[in-house]
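Reader: Please walk me through this model. I want each label set against its cut-off.

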Amino acid sequence: MTRQLSARIDRLEQARNAQSSRFIMWSDSEDPNAPLERVELCGLSHEECLDLLDEPAVMQ
């Protein structure tokens, strides 16, 4: 039983760690008490994001 519980905890921690790098908590509000929103990260580098913003379809 203890071994099963330990294995389950390990799997849950691994899942949390895998997801934690893909999400951040964010707020655009200048109010420090504003609720945070969970935002998924796209996985692109800063340069890749800037390249996408320079495309004509995005600029329109």
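Author: Helices (H or I, at least four residues) and strands (E, at least two) are DSSP runs, numbered from the N terminus. Ser27 lies in the loop between β1 and β2. This is a predicted model: local features need pLDDT of at least 70, side-chain atom pairs count only at pLDDT 80 or more, and totals for chains, interfaces and linings use all residues. Residues are numbered from 1 along each chain as its sequence is written, and side-chain values use heavy atoms, without hydrogens and water.

Reader: Why is Ser27 called partly exposed?

Author: Buried means under 20% relative accessible area, exposed over 50%, and partly exposed in between (1.4 Å probe, protein chains only). Ser27 has 24%, so Ser27 is partly exposed. The C-alpha atoms of Ser27 and Glu37 are separated by 6.1 Å, at 10 residues apart along the chain.

Reader: What is the order of elements in the protein chain?

Author: From the N terminus on, they run α-β-β-α-α. That gives three helices and two strands.

Reader: Why does Ile24 count as partly exposed?

Author: Its relative accessibility is 35%, so Ile24 takes that label. Ile24 sits in strand β1 (residues 23–26).

Reader: What makes a patch of Ile24, Trp26 and Leu41?

Author: Patches are made of residues with over 30% relative accessible area and no salt bridge; like charges are joined within 9 Å, nonpolar side chains (Val, Leu, Ile, Met, Phe, Trp, Tyr) within 5 Å. A salt bridge is a side-chain nitrogen of Lys or Arg within 4 Å of a carboxyl oxygen of Asp or Glu. Accessible areas come from the Shrake-Rupley method with a 1.4 Å probe; for residues, only the protein chains shown count as cover. Ile24, Trp26 and Leu41 form a nonpolar surface patch, with about 280 Å² accessible together.

Reader: Why is Glu48 partly exposed?

Author: Glu48 has 38% relative accessibility, so it counts as partly exposed. Glu48 is found in helix α2 (residues 46–53).
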